[in-house]
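Please read the following points alongside the sequence and the structure.

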Amino acid sequence: MDTKVLLQEFINRDENLQHAPYDPEQEFYFAIKQGNVNKVDELTRNAFHEKKGLGRLSTNELQHFKYHFAITAALVARYCMEAGMEMAVAFNISDYYIQKADLCTSVAKLSEMHRAMCLDYCRKMQQYSKKNIYSRPIVNAIDYIYDHLNERIKARDLSNYTGLSPAYLSRLFKGETKETISEFILNRKLETAQNMLINSDYSISQIAMMLSFPSQSYFTEVFKEKFGITPNVYRNTIKPDSPFNK
């Protein structure tokens with residue numbers, strides 16, 4: 001497949017979306033993880049039970065959607081814990097809404113509960129993120145990085161975007177994020193690669209190319225250095241045919 005086509009699939013998003021990952025489902029989970037209440041509010045306006053492509057988990061329609069509700073709760077909890085939410089808090093929220101969902105007597109009520117759960121998680125993540133407030137130049141730099149993960153991001157690009165000198169921006173970025181700019185970019189690319197390995201069928205070489213790593217061998221090297229295993233082993237280990245690993 002043509003490189004530009006693959007990149008377009010990866011970037012496939014409306015120009016107004018921020019940090020949109022490579023598919024709508026991941027956009028939804030990332031929005032919750034980032035505490036983007038406006039985006040989650042928008043994405044949950046369509047009823048949960050009208051979502052297309054849900055695998056059939058029960059011949060009973062209501063039970064089918066309850067199972068998918070539990071899957072969503074588990075995934076949202078996992079994403080929030082990855083972003084710093086305490087395990088006990090994440091599981092307590094999940095348990096609460098799964099128990100409430102179990103009492104729902106219609107798919108319409110279940111959809112309302114799904115929206116409430118997602119917004120609840122999202123608002124708590126928003127509160128969490130406010131505890132780690134960055135200055136406006138660093139917020140702008142981070143936004144730029146997320147929006148250009150498919151490119152080779154250079155210090156001068158961030159300098160031009162933020163209006164700060166490269167040296168000052170580097171000092172400020174390290175002071176606030178505790179990572180150098182290059183470390184931050186690499187870590188976000190590797191985290192995105194993790195999600196792509198689990199949630200897409202792109203090959204290792206395609207993922208390396210789409211995230212603008214210099215080569216597949218370099219991608220494999222830095223991935224193994226960070227996570228202790230190669231991308232191929234990671235995919236084969238973490239991606240069983242389970243709805244909890246969508």
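1. In this predicted model, the side chain of Thr-162 lies 3.4 Å from the backbone nitrogen of Leu-164. Thr-162 itself belongs to helix 8, which covers residues 155-162.

2. Is Thr-162 buried or exposed? Its relative accessibility is 16%; because the cut-off for buried is under 20%, Thr-162 counts as buried. Leaving aside residues up to four places away in sequence, Thr-162 touches Pro-137, Asn-140, Ala-141 and Leu-169.

3. The axes of helix 7 (residues 136-147) and helix 9 (residues 166-177) come within 10 Å and cross at roughly 90°. Helix 7 is therefore roughly perpendicular to helix 9.

4. A second pair is formed by helix 4 (residues 61-82) and helix 5 (residues 87-102), whose axes are 9 Å apart at an angle of about 165°. Angles over 145 degrees count as roughly antiparallel, so helix 4 and helix 5 are roughly antiparallel to each other. Their crossing is right-handed.

5. Which residues make the contact of helix 4 with helix 5? Among them are Phe-69, Ala-73 and Met-81 of helix 4, and Phe-91, Tyr-97 and Ile-98 of helix 5. This contact has 12 nonpolar, 1 polar and 2 charged residues.

Notes
Residues numbered from 1 in each chain as written. Predicted model: local features only at pLDDT ≥ 70, side-chain atom pairs only at ≥ 80, totals over all residues. Heavy atoms only, no water. Axes fitted to C-alpha atoms, helices over the stretch in contact; angles between N-to-C directions. Helix = DSSP H or I, 4+ residues; strand = E, 2+ residues; numbered from the N terminus. Parallel < 35°, antiparallel > 145°, perpendicular 65-115°, else oblique. Left-handed = near helix turned anticlockwise from the far one by under 90°. Contact = heavy atoms within 4.5 Å. Nonpolar A, V, L, I, M, F, W, Y, C, P; charged D, E, K, R; others polar. Buried < 20%, exposed > 50% of the residue type's maximum accessible area, 1.4 Å probe, protein only. Polar contact = N/O pair within 3.5 Å; in protein donor to acceptor, adjacent residues only side chain to side chain.
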